[in-house]
Structures are given as C-alpha cells and as structure tokens.
Amino acid sequence: MIGEPVGIEATVFREGHDAVAASVQWRSPDGVLAPFNRMHPLGGGTDRWRTEVVADVKGSWSYVVEAWSDPLGTWYHAVEVKSDAGQGADELANDLEIGAQLFEQLADTAEQADEADQSGTAARAELARAIAADLRRTDVDLQLRITRAMSREARLLAHDHPVRELITRSPRYHVWVDRQRALYGAWYEFFPRSINAELASDPADPARPTRHGTLVDATKHLDYVADLDFDVVYLPPIHPIGRVNRKGPNNTLDAKPTDTGSPWAIGSPEGGHDAIHPELGDEDDFAAFVARARELELEVALDLALQCAPDHPWVDKHPEWFTTLPDGSIAYAENPPKKYQDIYPLNFDNDPSGLAAEVLRITMLWVSRGVKIFRVDNPHTKPLSFWQWLIGNVKAQDPDVLFLAEAFTRPAMMHELARIGFTQSYTYFTWRNTAWELRQYGEELVAAADYMRPNFFPNTPDILNEFLVTGGRSAFALRLVLATMMVPSYGIYSGYELYENEPVRPGSEEYLNSEKFQL
C-alpha cells in the first residue's frame, strides 16, 4: 500500500574473511531509481540482511538485491585490529596506501551521485580526498594519519557512498503497490432488485413479484448504507438473467414465468456481461448510482462472475468457450450434490486468448462505468495464469482497480490466488467458531500477511452458518465484532443487521426464501 514499509531480506555471504555488504535497488513504476538503500545485517551468524523501502505512488514497483565485497569495511577492520595491537606506521604502510586509494574511489563515487542527491556532494568528495591525503602523510604519527578516517563523519561517508566490488545481483522482483482501500474497509452487499420490491399477496404464488426493484431505488438506498458507516457497496450481478432452465424460489426447477431467477445465471437475448438487466434500468441509472455513491464516500463493487446462462449470447457465438458432453449437450455447473442447470461454466482450454480478450473487454467496460472493485465469483475454477494475466492488464490500465477472490476452496489454491494478484481474499472465518479455531486461524492468516489480505464475511447469500441459526442476536453481534476486530476488511450481506437466520431446512446453510432466487 502507498506509504507502507516493505521489508526486504536476503541471505548474503562470500568466501574468505573480507567484509561483505548488500543494498537494494528500488525502482518506481516509471523506471526511476530510488536513492541508494543499504541493507543492515540481522546478526546472530545468520548471514541475513534486511532493509525497508516505501512506495509513494500506485503501480508495479520492482527491486534487485545487490551483494558486494566491501573493501572499506575490510580496511577499517584491519587497521583497527593492527593499530590496537601496537603495530606502527611502517607495518601499516600498505594498509594506509590501500585506504588512501579507497577513499579516492569514494570521492569519485560521491561526485558521480545522482542529481537528486547533489546537496553536499562536493563537501563529501572534499572530505574523502582529505582523508586520502592524511593517510599518505609521513610527517605525523600513525594516530594523526588515521584520525580523520576513523571519525564518525568519515564512517558515515563510507556507509552512504561505499566502494563496491564483485557485485552480484538477484533476479528482479516485483511488488504491486495498491491504494489504501486495498488494505481496509467495510463492505455491504445488497440486491438492487429487492429494494422497494413488492410481492403478490396470493397464497398460491407468494413469491410472484408485482414490483421489481430498480437502480433508481438502489440509489436512494445508498443513504441507508452510508449511515451504517460502510465504505464499499457490493452488488451481485446486475446483468440480464437467462430464462432457459431458470430457477424458482428456493432453487427449485419448476420456475413460473413470473419468477426472477438467479442473477448469477447471466445472459439472455437481452444481453450478456456488458449489459444491465432491463428491469433494473439502464446505463444512465447506473451512472447515477455510482455518482451518488461517490457523494456519500462509498465505492461500488460489482460481481465478476465468469459463467453464462444457456441463452447467453456467447453460447451461440462462441460454443468453443464451453464444455460439450459426449451426448452433444453443454455441461452445466455442478458442486455435488448441488446442481446449477441454469449456469454454463466457461472452458478456457479451447480458445484461451479469445476468451481472455473478451473478459478483459467487459472488465474494462465496467471500469469505465465507475466500478473500481470486483468481487470475483469462484476464481479457483479458472486458470491461475488467466487471472494473473487479467489482473496485470487491468491494473496496467487503471492501478486503482481491486479484486476480491471469492474462493472457498483448498488453502493452497486460496493462497496462490493471493500471490498471483488478487487484492483481497474470502476466508474460512464463516466456519471458525470456537476460541481455539479462531486463534489458530488468526495465526495462520498472520503468517501469510505478506501477500494475502483477508476479508471476513460472517454471512453471504450462500452461507448462513449454523452458529447464526442457533445463537440468536448475540451470535450476530459476536461474529460482527470478531470480523471487524480480527482483520482490516470485513463485510456483511444485507439482512444480517436484521438478524435473518432461518435456513431452508434444518442443518442447511442456505437461507429460506433465498434472495438469490426471488425478490
């Protein structure tokens, strides 16, 4: 993050007894080198060296660790040991000449300093040449010849403008520097289509909508979100919803013509990932939503779900982007025993470059519409190389864009998604309830803090934890406090503040009358 110290460590050693040292070459996104940054030894015989660097702009910084022989360090040690042992000027004649030559080199180094560090350069060079002259004097005793060389001022000069020999360099490493919102924030998720929605009072069809919520309604609702002191308002997909195999209330397969379906079943003849559901509104309505959010100091996060309904335009135009089964049908999504007949997963094997280019296009389209944060649905089901490419390309065009990985999967995959570029990560917090579990998980996350930024959600539209079902209002308060205090970023799905906790059936983590499938 901008202004945040980045610790860099390296193991540095060489053969023999001569002094060794190390430094870091820290380069900004526009290629400007930072001032010379010397590392310091950690001691204890570990050969470990460390320093810290700080970035002042967003973007891709890089660094190289340079290890080198430190002849002035070797010289200081030799002269101190020999003079302390009582050796005189004659015995130290070669050492004194070597020192004089080294300080002359140091003077040359100081004179060649970068323009940004010119203040005092002449004085430093003058001091180094004076020290060299002292070391060559023969009309005074040894202590007077080395007095100026042993001064604190001279040692600082040798430290800041060292004579470096036998330089070896590490590979170049890259560090992405984000804006502050990447590090901390409070998220609030709600479905725009439910805001001010009205349902039929007919007992035979209680979920039938008589009024569909709109982006205009959602814009008015932003004041409520801001009053709760959230920083990010997160919207599930707002695209057209497929009609083929549309799901009914509570994930049933027998949808009525009036059922609204799941927003994650993206795409219909009305458009795909680049379109807005007509019943929600249009681009002007979304622009007004983003503008009002900014007025309230809220950021808009949008779901990036790379999957399609069977009637998404891509299915006809690019059948190679999907998996065809032996019977000729296209495979729908499954998470056994769950089935998602209304969703076709994407296949990145047949046309990876074409599919990647299209995803980049739609992502940058929403960036141009004011979305700077994406909550990515199930990123662990897509190739890591694709995400690394996409995130890199998006951030190269707009370094303000952030990505949250919604990956409830194996730890290795979750951690690797963070390493290859995801800004924040969903976690197992939802299922960690006992004190022992929470302590252990907190320690695990701290160990990964160099690359993984956790975001704690006590609930999601998919997850109603048993602790919330059985614990009542106190459980809601407890989980919220833990989420806000254990990590810098947390979020809730709307209804949490109303203590909604009725599962679809005992033992299930799904909500009864889930908002995923109805208003």
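## Ground rules

A residue is called buried here when its relative accessible area is under 20%, exposed when over 50%, and partly exposed in between, using a 1.4 Å probe and protein chains only. The model is predicted, with local features needing pLDDT of at least 70 and side-chain atom pairs counting only at pLDDT 80 or more, while totals for chains, interfaces and linings use all residues. Residues are numbered from 1 along each chain as its sequence is written, and side-chain values use heavy atoms, leaving out hydrogens and water.

## Aromatic pairs

Let's start with the rings. Across the whole structure there are 30 aromatic pairs, meaning Phe, Tyr or Trp rings (the six-membered one for Trp) with centres within 6.5 Å; planes under 30 degrees apart are stacked, over 60 edge-to-face, and the rest tilted. Trp26 and Trp61 are stacked because their ring centres are 5.0 Å apart and their planes meet at 20 degrees. Trp26 belongs to strand β2 (residues 20-27) and Trp61 to strand β6, so this pair ties together parts 35 residues apart in sequence; helices (H or I, at least four residues) and strands (E, at least two) are DSSP runs numbered from the N terminus. Trp26 is buried at 4% relative accessible area, and Trp61 is buried too, at 5%.

Phe476 and Tyr496 make a tilted pair, 4.8 Å between centres and 55 degrees between planes. Phe476 sits in helix α13 (residues 466-486) and Tyr496 in the segment after β22 (489-493), 20 residues apart. Both Phe476 and Tyr496 are buried. Elsewhere, ring pairs join Trp187, Tyr234, Phe408, Tyr426, Trp431 and Phe457 into a cluster.

## The largest pocket

The largest pocket holds about 1400 Å³ of space. A pocket is an open set of points on a 1 Å grid over the protein atoms alone, where a 1.4 Å probe fits, with protein on both sides within 12 Å along at least five of seven lines; lining residues have an atom within 4 Å of a point. Of its 40 lining residues, Val175, Trp176, Asp450, Tyr451 and Arg453 are the closest to the centre. Elements supplying at least two lining residues each include β6 (59-69), β8 (173-177) and α11 (411-419).

## Charges over rings

Here a charge sits over a ring if NZ of Lys or CZ of Arg is within 6 Å of the ring centre and within 35 degrees of the ring normal. Arg419 lies over the face of Tyr451, 4.3 Å from the ring centre. The charged end of Arg369 sits over the ring of Trp366, at 4.5 Å from its centre.

Terms used. Points joined across faces, edges and corners; volume = space filled by probe spheres on them.
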